[in-house]
Structure formats: C-alpha cells, structure tokens
Amino acid sequence: MRHSIKSQMIVIFVGLIGCVLLALLVINMNFLEPYYISNKKTEFVNMYVSLRDAMESGTIEQQDKAEELWHMAEKNNMSYLIVDEANARMLTNVHDMDMLEKQLAGYLLNQAQKQSRILASTEEYQINRSKSPWNKEEYIEMWGEFSDGSLFLIRSPLESIRESASLSNRFLIIIGCFMIVICIVLIWYFSKRLTDPILELAALSERMADLDFEAKYTSGGNNEIGNLGANFNRMSEKLESTISELKSANNSLMKDIEQKEKLEQMRNDFLGNVSHELKTPIALIQGYAEGLKEGVSDDPESREFYCDVIMDEASKMNQMVKNLLALNQLEFGDEEIEFERFDLTAVVRGVLQSMEILAQQDDIRVIFRQQEPVYVWADEFKVEQVIRNYVSNAFHHAGLEKVIEVKIKIQDETARITVFNTGTPIPEEDLAHIWDKFYKVDKAHTREYGGNGIGLSIVKAIMESFHQKYGVNNYDNGVEFWFELDVK
C-alpha cells in the first residue's frame with residue numbers, strides 16, 4: 001500500500017505544510033531584521049519630532065510631557081539624551097547616561113562614524129547602525145541638533161529584534177510540528193473517507209471479474225464516486241443477464257449438435273425398451289383379469305387380491321409411461337432448458353421438506369447441515385428433479401441403519417451435491433450400467449417398491465443436457481450419488 005492514494009495524499013500535504021514552514025523560517029531569518037530596521041527608522045523620526053516639539057515649546061521638563069516621552073521611548077525600546085548647553089542641562093530617560101554621552105561625543109568628533117553605517121541622513125539628523133566599542137552590541141542610533149542648538153542622541157538595541165526573531169522561529173517550529181501532526185490526522189481521516197469507496201469499487205470490480213454478480217456497491221453518495229458505484233451496479237445486473245443468455249444460447253447450440261447424432265438411435269432404443277418393459281405388467285394384468293373372468297376363485301378375498309394386483313400393475317405402467325415421456329423429452333431435446341442463477345441450498349431444503357412424510361413413514365433419518373446460500377447456474381426445475389430422484393432412490397436403499405445425508409461442497413468454481421445412503425454397496429459389475437434405461441441392480445427389490453429403472457436415466461439425461469459431471473461412489477457402509485453445477 002506504499003503507493004496508495006491515501007499515502008500519497010498524506011505525503012503531498014505534509015510536504016506542502018513542511019515547505020511553507022521552512023519558507024517562513026527562511027523569511028524570518030533573512031528579512032525580519034531589515035523589516036524591523038525599516039520600521040524602526042519611522043519610530044525614530046516620530047520620537048525625534050516629539051522631542052523637538054517639546055524642546056521648542058519648553059514643555060519637555062513638565063511632568064505630564066516628560067512621562068509621555070518616557071512611555072513613548074519605553075514602548076519603542078529607545079534611550080534618548082538631550083544636551084542643552086544654553087541652559088546647562090541634560091535630559092534623558094535612563095539613569096546611567098555615560099554611554100550615551102560618550103557615543104554622542106564620538107559622533108561630534110567624527111570618531112563613532114568609523115564603526116557605523118548610515119541608514120538615513122537629513123540636515124536635522126542622521127540615522128546610523130553602529131556597534132558599541134564598550135559592550136560590542138549593535139544599535140540603531142539617531143543623532144543631530146535641534147533648532148535651538150541642543151544636541152540629541154536616540155538609541156535602540158538590535159539584540160531585541162534578534163531575540164524576537166529567534167523566539168519567533170522556535171514558535172514556528174513548535175507550532176509547525178503540532179500542525180503537521182494535526183494535518184496528518186485530518187488528511188488520513190478525509191482521505192479514508194475518499195478512498196474507502198474507491199477501495200470498495202476496486203474489490204467490486206475484482207468480484208465482477210470472477211463473475212460474482214451478488215457484489216453490489218453500497219456506500220452510496222451523490223458525488224462522482226457514488227455515480228460510478230451506481231453504474232457498477234447497473235453493469236453487474238446487465239452482465240449477469242447477458243451471461244445467462246449466453247449460457248442458454250451455448251447450451252442450445254451444443255444440444256442441437258448432439259441431437260442430430262443421437263436422434264435415430266434414441267428412437268430405436270425407446271421403442272425396444274418400452275415394448276420390453278411393458279410385457280411383464282401387461283402379462284400380469286392379462287393373467288389376473290382372465291382368472292377373474294373364469295372365476296378361478298369364489299373367495300372374496302382372492303378376488304380383491306386379483307383386483308389389487310391389476311390396479312398396482314396399472315399404476316406402475318402409468319408411472320413408467322410418465323417417466324418415459326419425461327426422459328424422451330430430455331433425450332430428444334424437445335424440452336427447452338433455461339439457465340438461471342438460484343440458491344441451491346433452498347432447493348435441496350424444499351425437496352427434503354416435501355419428502356419428510358415418507359422419511360417418517362419408513363423411520364429414516366435425513367441429515368442436511370448446509371445453512372449458507374450457494375448460488376449456481378442451471379435450470380432450477382430440472383435440478384430439483386435430479387435431487388428428488390437421488391433422494392427417492394436413497395429412501396428405497398437405506399438398509400437397516402436408515403440414514404441419508406445430503407451435502408453441498410464448493411470445489412474451485414463448481415458446487416458438488418452428494419446424497420449418501422447407508423446400505424449395501426452397488427456391485428462393481430453393475431456400476432457402469434445403473435444409468436441405462438430400465439436397468440435394475442436388484443430386480444426383486446426394485447419391483448417391490450415400484451421402481452422401473454428410469455429414475456437414474458432421467459438424472460443422466462438432465463446432467464448431460466447441462467453438460468455437467470455426475471456419478472456414484474461406493475463405500476463400505478453405503479452408496480453416494482453426486483452431481484456438479486457451475487457456481488460462476
């Protein structure tokens with residue numbers, strides 16, 4: 001995730017904030033002092049004007065005016081000295097004015113100018129930047145002469161601005177660190193709100209690439225990402241519909257190709273099998289009917305038995321004809337197969353519930369533990385037929401233990417449905433023929449419960465119409481029938 005949008009946004013914004021803070025530090029270090037000196041010259045001029053006006057008006061020694069001048073000087077961090085030789089007086093706002101006297105004398109004797117740099121100069125005053133020879137500190141100084149002949153010196157140290165700049169830089173660094181931390185948190189939060197829907201769309205596209213059309217964009221929103229998510233959902237629905245149509249069309253094409261090869265052989269097999277299977281019940285019906293006509297027995301119970309046999313055989317013939325017609329439709333391709341996506345778990349549960357009364361009558365224990373839905377592609381009605389035939393077959397061969405277990409297993413991109421029943425395994429020599437029409441492994445037992453060997457043939461025809469795998473496995477304690485369907 002080192003190249004994710006979230007990490008890139010954090011790096012970019014933190015980098016921008018860092019650059020702004022660095023620029024502020026550079027500006028503070030290089031331009032704060034010149035800016036301070038420029039403003040300081042204005043303050044010097046204002047102080048000069050106030051002192052000059054006080055001297056000319058003669059109010060400089062009045063208490064109110066003196067306090068005003070002291071406050072003004074203190075506010076601007078200035079020291080001043082006025083030498084009034086005419087009145088033999090010296091006015092200042094500091095207690096120790098020796099340094100101011102010496103510096104003023106130095107300017108008058110042209111000695112201080114050697115260690116100073118002129119910042120501004122007029123006929124009345126001169127502003128210099130100088131270094132004191134006594135304490136090696138730098139000052140901004142204004143000196144000159146008032147109109148009454150009095151000399152003056154105004155001084156302000158540069159060290160204060162340097163301390164202010166240093167303090168400002170430290171403050172910027174501390175505030176900058178806090179801002180970077182806060183910005184990282186805020187950027188992470190807002191970038192997460194922005195990237196989470198994008199990540200959801202990325203995961204959605206991967207699932208759609210795997211043909212999982214149950215995936216939907218759920219974050220919503222009225223912005224561009226929300227519109228994109230809505231388009232993804234519409235695309236998913238259209239793709240699902242298109243794939244369903246393609247599977248149906250592909251299945252129809254394969255069915256047409258196979259139908260031409262099988263058609264004639266199937267007709268011949270159908271007629272031969274029907275005539276073979278109907279001979280036994282017709283012969284039984286004919287024999288018992290002739291016995292009734294000829295009055296073989298006058299016993300009412302015997303006649304009722306004859307009638308029951310005739311009705312039972314007629315019922316078996318009716319069921320066999322129905323199965324043959326269904327099988328004929330499947331094998332001849334007369335029944336259209338419609339592929340759709342449905343929940344296999346629900347279909348299995350529905351079949352087992354409908355056959356629950358049969359299980360109770362025969363005291364059979366049916367196990368089906370699958371809870372989660374499993375979506376597959378097939379014809380739902382025909383899949384139900386396959387499951388019903390498997391379970392019905394298992395009911396008739398459950399043995400003494402009378403346990404049936406149905407499972408759904410996901411393998412790669414297919415779902416395998418297994419129906420296991422306890423009982424005697426199928427003989428190896430019969431395994432290859434159990435899917436053939438009218439084939440019975442145990443003729444006596446099959447006839448006892450009314451089987452005619454068509455159920456598994458119907459399963460075979462349905463699964464081959466789906467072009468899917470099916471089969472049977474023998475175990476020591478029973479038999480397992482299975483078939484597979486596409487999950488994607």
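**Exercise 1. The core**

Find how many residues the largest nonpolar core has, and which of them make the most contacts inside it.

*Solution.* The largest nonpolar core has 47 residues, and Leu344, Tyr390, Phe483 and Leu485 have the most contacts inside it. Next, look at who contributes: α7 (344-354), β9 (375-378), α9 (380-396), β10 (403-411), β11 (414-422), α12 (455-466), β12 (470-475) and β13 are the elements that each give two or more residues to this core. The largest share, 7 residues, comes from α9.

Now for the terms. A nonpolar core here is a set of buried Ala, Val, Leu, Ile, Met, Phe, Trp, Tyr and Cys residues joined through side-chain atoms within 4.5 Å. Buried means under 20% relative accessible area, exposed means over 50%, and partly exposed is in between (1.4 Å probe, protein chains only). Helices (H or I, at least four residues) and strands (E, at least two) are DSSP runs, numbered from the N terminus.

Before going on, bear in mind that this is a predicted model, where local features need pLDDT of at least 70 and side-chain atom pairs count only at pLDDT 80 or more, while totals for chains, interfaces and linings use all residues. Residues are numbered from 1 along each chain as its sequence is written, and side-chain values use heavy atoms, with hydrogens and water left out.

**Exercise 2. Local pairs and a network**

*Solution.* Glutamate 68 and lysine 65 are bridged, with their closest N and O atoms 3.8 Å apart.

Next comes the bridge between arginine 52 and aspartate 53, at 3.6 Å, N to O. Arginine 52 has a relative accessible area of 25%, and aspartate 53 has 36%. Glu61, Asp84 and Arg89 are linked in a network of salt bridges. In total, the structure holds 13 salt bridges.

**Exercise 3. Surface patches**

Identify which residues form the nonpolar patch on the surface, and which gather in a patch of negative charge.

*Solution.* The nonpolar patch is made of Ile174, Phe178, Ile182, Leu186, Trp188, Tyr189 and Phe190, with about 760 Å² of accessible area together (Shrake-Rupley method, 1.4 Å probe; for residues, only the protein chains shown count as cover). Tyrosine 189 lies in helix α4 (residues 159-209) and is partly exposed at 41%.

The negative patch gathers Glu56, Glu85, Glu145 and Asp148. Aspartate 148 is in the loop between β5 (138-145) and β6 (151-157) and is partly exposed at 37%.

Patch residues have over 30% relative accessible area and no salt bridge; like charges are joined within 9 Å, and nonpolar side chains (Val, Leu, Ile, Met, Phe, Trp, Tyr) within 5 Å. Lys and Arg count as positive and Asp and Glu as negative, with His and the chain ends not counted. A charge is placed at NZ of Lys, CZ of Arg, CG of Asp or CD of Glu.

Notes: A salt bridge is a side-chain nitrogen of Lys or Arg within 4 Å of a carboxyl oxygen of Asp or Glu.
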